[in-house]
Amino acid sequence: MTSFEYHEALKNAAKSMVRVKNPRRLLKMIARFIEREVGLTHSSILIFDPPNRRYLFVDSKGDRRIPVGLVRLDADNPLIRWFSEASRSVALSRDFITANQVERLLSNETFLEQNRGIEERLCAIREQMRIFKAAVCVPGFFKGELLGLLLLGRKQDQTDFSLEELTFFQTLANDASMTIKMAEYHDDLVRRNRELEEQIEEVTRLRKKEQETYYQIILSLAREVHARDAYTSGHMEEVEKLGLMTAEAMNLNLEGKRRDILVAALHLHDVGKIGIPDSILKKEEKLTEEEWLIMRDHVFKGARILEPLDDFKEVARIIMLHHENFDGSGYPYGLKGEEIPIEARIINVVDTFHAIVSSRCYRRGRPFEQAVKELERCAGKQFDPAVVRAFIETISRRIQPRYDESTGLELKSRTA
Amino acid sequence: MITKLLVVDDEVEICDFLKTFFEERNYKVFTALNGETALRVVEKEKPAVVLLDIKMPGLDGIEVLKRIKALHPTAKVIMVTAIETRDKIEEATRLGADNYITKPLSLEYLETDVRDKLESLAR
C-alpha cells in the first residue's frame with residue numbers, strides 16, 4: 001500500500017466507525033480489511049471484557065487464524081501487562097511491539113545489562129507472540145485504558161512492516177477503542193435513562209396512589225361529620241346530585257377536572273367540622289361568641305385538611321369560601337358576587353336547601369315549597385340569584401320531592 | 001520419553017491451534033474431530049492426557065469419557081468445553097474426568113494443568 005492508500009483507508013475506516021453502532025461488527029470489518037488489504041498470514045483482534053477483567057478474541061482472519069472463543073488473555077498475561085502497566089520500558093514503544101524489535105533487544109547485551117529484569121519479560125512476550133504467530137502487536141487505548149489488542153501475523157510477501165503501516169494500525173486500534181467505548185457509553189446512557197424513566201413512573205404512581213388514599217381518608221372524615229349530625233344522613237350524595245344538576249342547568253363547564261373539583265367540593269365542604277365538639281355542633285340554643293368563632297373556623301380547617309393533595313388547591317379554596325354570601329355578609333372574608341367561586345356559591349344554595357328540607361334533631365324539616373320560598377327570599381343577599389334561579393328551575397323540573405322524616409328528601413327523576 | 005496427548009474437538013481450528021501449542025512444548029499430539037476417531041486413537045496410541053470437548057456431533061464428550069476410562073483407565077481426561085452447567089460438571093466428575101476447563105481458557109492454566117496431571121500419573 002502506498003502512503004496515499006493508507007491515508008484513504010484510514011479516512012474510510014474513521015467514517016465507518018462513526019456510522020457503525022455495533023462495535024463488534026466494526027472490529028470484524030477492521031480484521032477483514034487488514035488481512036485483505038495488507039496481505040497478512042492472519043489478523044486477530046482482542047477486546048477487553050470488563051466484568052471478568054480479561055481480553056477475548058473477537059475475530060481472527062487469514063490462513064493462520066486463531067480460533068475465536070478458545071483462548072483468553074488474563075490481566076497478568078505478559079503482553080497485557082506490558083501495555084497496561086504504567087512502568088513501561090523506554091526501549092520498547094508503548095504504541096506497538098514487533099517480533100523483530102524484541103529479538104533485537106534480546107540480543108543486545110548492553111541493553112539487557114542496563115535494564116534489570118527486562119530479559120525475562122521480553123522472553124515472555126516473545127513466547128506469547130510465538131503462540132499467536134504475531135509479528136506485530138498493536139494496543140488500542142482509550143484515556144489510558146487498554147481496551148483492545150491487534151495481533152498481526154507476518155506479511156504474505158515476507159517483507160517487514162514499514163513505520164507507516166505500523167502507525168496506520170495504531171491509529172486504527174485507537175480509533176476502534178474509542179468507538180467501543182463510545183458505544184458502551186451510549187448503551188449505558190440509554191439504559192440509565194430507561195431506569196430513570198421507570199423510577200419516575202414508579203414515583204408518580206406511588207404519589208398518585210398516596211393521594212387517592214388520602215382523598216379516601218378525607219372522604220370518610222367528611223362522612224363522619226355528617227354521621228355525627230343526624231340531619232345530614234345521606235347528605236353527601238344528595239348534595240352532590242343537587243349541585244351537579246344546578247351546575248348543568250347553568251351550563252357550567254363540567255369537563256373532566258372541572259367536574260371532579262365541583263364534586264370534591266360538594267362532598268368535602270364540611271370536613272373541617274370534624275374538629276368541632278358535639279356540644280357546639282349539635283347545640284340547639286344560640287351559639288356564644290366564642291362558640292361561633294370555633295364554628296366559623298371549620299372553613300379554614302377544611303381547607304387545611306386538603307393541603308397535602310396536589311390537585312385539590314382549588315377545592316381547598318372553594319371550601320374556604322363556601323360560607324361567603326353574595327352580598328358580602330358571609331365569612332371568613334366577606335367577599336361579594338363574582339369574587340366568590342361559582343362552586344362555592346352553588347354549595348351555599350344546595351347545602352342550605354338540603355338543611356331546610358331535612359329533619360334535624362332540634363327542628364323538623366320543612367316542606368319543599370317552604371325551602372324554595374326561603375331560597376327566593378335570600379336570592380341577591382345570601383345567595384347568587386342566578387344560582388337560585390337555576391336550582392329552582394332544575395329541581396322543579398326533574399325532581400319529585402317527597403318529604404320523609406327519616407331520609408329527608410328523596411330524589412326521583414320523572415323520566416326514570 | 002515423549003508424552004502423548006490427544007485433542008478431541010469438532011472444530012478443526014481448535015485442534016490445529018492446540019496441536020501446535022503442545023507440539024512446541026514437546027508433546028506428541030494427536031487430534032480427533034469426533035468421538036469415534038478419538039476412541040480409535042486412544043486404543044492404538046494410549047495417550048497420557050486427553051483434552052476432550054463435550055459438545056460434539058455423534059458421540060458426545062460425556063459418552064466418550066466413559067469409554068476412554070473403560071479402554072485406558074490411566075488416561076488423564078481434561079474436559080474442555082464452553083458449556084458450563086453444574087449437571088455436566090457433576091456427571092463428568094462422577095465418570096472420572098480429571099478436571100474441567102471452560103472456554104475461553106488461559107493457555108498458561110491449561111499447560112500447567114496438563115503438567116500437573118502427568119506428575120500425578122508419575123507418582
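Mentor: Let's start with a term we'll need: two strands pair if DSSP finds at least two bridges between them. With that in hand, look at chain B of this predicted model. Its 5 strands make an open sheet in the order 2-1-3-4-5, and the pairing is parallel. At the edges you'll find strand 2 and strand 5 (99–102) of chain B, each of which pairs on one side only. On average, neighbouring strands of this sheet are turned by 20° against each other, direction ignored.

Pick out strand 1 and strand 3 of chain B: they run parallel and are joined by 4 bridges. One pairing to click on is B:Val7, whose bridge partner in strand 3 of chain B is B:Leu51.

Now step back to the whole chain for a second. Chain B has 5 helices as well as its 5 strands, and from the N terminus on they run β-α-β-α-β-α-β-α-β-α. Of the 123 residues in chain B, 36% are buried. If you take the contacts in chain B with a separation of 6 or more, 60% of them are between residues 24 or more positions apart.

The part I'd zoom in on is helix 1 of chain B, residues 12–23. This helix has 12 residues and reaches 16 Å from its first C-alpha to its last, close to the 16 Å expected at 1.5 Å a residue. Its buried residues are B:Ile14, B:Cys15, B:Phe17, B:Leu18 and B:Phe22. What covers them includes three strands of chain B: strand 1 (3–8), strand 2 (27–32) and strand 3 (49–52).

In the interface, 11 residues of chain B are in contact with 10 residues of chain A. The largest share of chain B's side, 4 residues, comes from helix 1. Sorted by class, that side of chain B has 7 nonpolar, 1 polar and 3 charged residues.

For a view from chain A, go to A:Pro67. You'll find A:Pro67 in the loop between strand 2 (54–61) and strand 3 (72–74) of chain A. Leaving out residues up to four places away in sequence, A:Pro67 touches B:Glu11, B:Glu13, B:Ile14 and B:Phe17. B:Ile14 and B:Phe17 are also on the list of buried residues of helix 1. A:Pro67 itself counts as partly exposed, because it has 19 C-beta neighbours inside 10 Å, and buried would take 20 or more. Within its own chain, A:Pro67 is 10 residues from A:Phe57 in sequence and 8.1 Å from it in space, C-alpha to C-alpha.

Terms used: Residues are numbered from 1 along each chain as its sequence is written. Chains are lettered from A and ligands numbered from 1 in the order in which they are written. This is a predicted model: local features need pLDDT of at least 70, side-chain atom pairs count only at pLDDT 80 or more; totals for chains, interfaces and linings use all residues. Helices (H or I, at least four residues) and strands (E, at least two) are DSSP runs, numbered from the N terminus. The expected span of a helix is 1.5 Å times one less than its number of residues. A residue is buried if 20 or more other C-beta atoms lie within 10 Å of its own, exposed if 12 or fewer, and partly exposed in between; C-beta atoms are placed from the backbone. Two residues are in contact if their C-beta atoms, placed from the backbone, lie within 7 Å. Ala, Val, Leu, Ile, Met, Phe, Trp, Tyr, Cys and Pro count as nonpolar, Asp, Glu, Lys and Arg as charged, and the others, Gly among them, as polar. Axes are lines fitted to C-alpha atoms, for helices over the stretch in contact, and angles run from 0 to 180 degrees between N-to-C directions.
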